[in-house]
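Q: I would like to learn how to read a model of this kind, feature by feature. Could we go through the terms together and apply each one as it comes up?

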Amino acid sequence: MSTKKVTKIGVLTSGGDSPGMNAAIRAVVRTGLYNGLEVFGIVRGYSGMIDDDIIPMNGRSVANIIQRGGTILKTARSQEFMTAEGRAIAYENLQKHGINGLVVIGGDGSFRGAQKFSSEFNIPCIGIPGTIDRDMAGTDSTIGFDTAVNTAVEAIDKIRDTMDAHDRLFIVEVMGRDAGYIALHSGIATGAENILIPETKTDIEELITSLTEKEKRKKLVNLIVVAEGGEFGDANGLAAIVKKRIPTADVRVCILGHIQRGGSPTCHDRLVASHMGYYAVESLLNGRFNVMIGVINNKITYTPLDKAVKERQRIGQEWMRIVKILAS
Ligand code: ADP
């Protein structure tokens, strides 16, 4: 806890966008104003801090955005903020506006930046986990995951219809370069026969054997959900292996891509975002600085930023066992 008083806060969205970021911005702005703070929106994440793209926010600035995907403040990745010179310019700009507290909505990269920045310039920063990947330690929910996974489920259900009609093997790629949560959850929810994620090793021989047997019985109707950062590359990489080993297989690939990032946030994501936004400002007001707001077992939690960026939430092996049993 610190006794330093926060009076003017900046809010920004940074790194990969995720549906529900707008609901979080809205909650931060309105909670800040309610408590008599001045609130500034920083446009395009850390780039906007360096370019002094900083705008005053009022209650109306965030009207009618809770249901919108994307982020009204825009987001960006900033190489310049990775340098000490870039961060010094960013700090000068904050000083110019009198901003003495920051709320950063983003993923672990954005929190790494926030942690460095706060330690260099002694400016309190609060992190709100906004990422569709859901791989952050210290929280059960990240803003955008629920929407992304529901988008994936809706799309995969449709693919399954045509897959069944034609007796085909479909490989569907979902997002997740280092994290398999979208693949795991959407795969289980759509009854996928196989799910390939970066966190676990796949027994490719076992997979090929089971597909070969189905092909021999002329019943190769099989849905495989892969995370983009899978062990055998993306969906096309896996399809090439299957085609090589089972040349007669009718293999189709579908890459869901960026549709998973967009769209109107689900009720769950709007609630989580609203909750986290509110507690981010409370945290600044109460002198609980440099923490990431999380939700564990429906309770708000505060994880020190340095801990939040060091640890990642891993998928338990038990899940993969369940996948196998349910798909058998
Ligand atoms: P995400 O927040 O979605 O994980 P990134 O990893 O791209 O996205 O990080 C977003 C931005 O955070 C980067 O473009 C950079 O400006 C800043 N950032 C990330 N890591 C660091 C770091 N170690 N030091 C300073 N800034 C960083």
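A: Let us begin with secondary structure: helices (H or I, at least four residues) and strands (E, at least two) are DSSP runs, numbered from the N terminus. With that in hand, Ser18 is placed in the loop between strand S1 (8–13) and helix H1 (21–34). This is a predicted model, in which local features need pLDDT of at least 70 and side-chain atom pairs count only at pLDDT 80 or more, while totals for chains, interfaces and linings use all residues. Residues are numbered from 1 along each chain as its sequence is written, and side-chain values use heavy atoms, with hydrogens and water left out.

Q: Is Ser18 buried or exposed, and which residues does Ser18 touch?

A: Buried means under 20% relative accessible area, exposed over 50%, and partly exposed in between, with a 1.4 Å probe and protein chains only. Ser18 has a relative accessible area of 0% and therefore counts as buried. Contact means heavy atoms within 4.5 Å, and, not counting residues up to four places away in sequence, Ser18 touches Gly70, Gly130, Thr131, Ile132, Ile143, Gly144 and Arg261. A polar contact is a pair of N or O atoms within 3.5 Å; within protein, one must be able to donate a hydrogen and the other to accept it, and residues adjacent in sequence count only if both atoms are side-chain atoms. In this case the side chain of Ser18 reaches the backbone oxygen of Ile143 at 3.0 Å.

Q: How is the protein chain divided into domains, and how many residues does each domain bring to the contact?

A: Domain bounds come from an automatic or database domain assignment, and here they give domain 1 (8–143 + 265–310) and domain 2 (145–261). The contact takes 15 residues from domain 1 and 12 residues from domain 2. Buried area is the accessible area (1.4 Å probe) that two parts lose on being put together, summed over both; between these domains the value is about 1,200 Å², with carbon and sulfur atoms giving 56%. On the side of domain 1, Ile132, Asp133 and Arg134 lose the most area to domain 2, together 49% of what that side buries.

Q: How many salt bridges and how many residue pairs in polar contact are counted between the two domains?

A: A salt bridge is a side-chain nitrogen of Lys or Arg within 4 Å of a carboxyl oxygen of Asp or Glu. Between domain 1 and domain 2 the count is one salt bridge, and there are six residue pairs in polar contact, both residues being at pLDDT 80 or more. As for a salt bridge between named residues, the side chains of Asp17 and Arg261 meet in one at 3.9 Å, N to O.

Q: Where does Gln260 lie, and which residues is Gln260 in contact with?

A: Gln260 lies in the loop between strand S9 (251–255) and helix H9 (267–285), and its relative accessible area of 0% is why Gln260 counts as buried. Leaving aside neighbours within four places in sequence, Gln260 is in contact with Ile132, Ala148, Thr151, Ala152, Val174, Met175 and Ile182. A polar atom of its side chain lies 2.8 Å from the backbone oxygen of Gly257.

Q: Which value does phi take in Arg134?

A: Phi of Arg134 is near 60°, a positive value in a residue other than glycine. Arg134 sits in the loop between strand S5 (125–129) and helix H5 (145–166), and with a relative accessible area of 15% Arg134 is buried.
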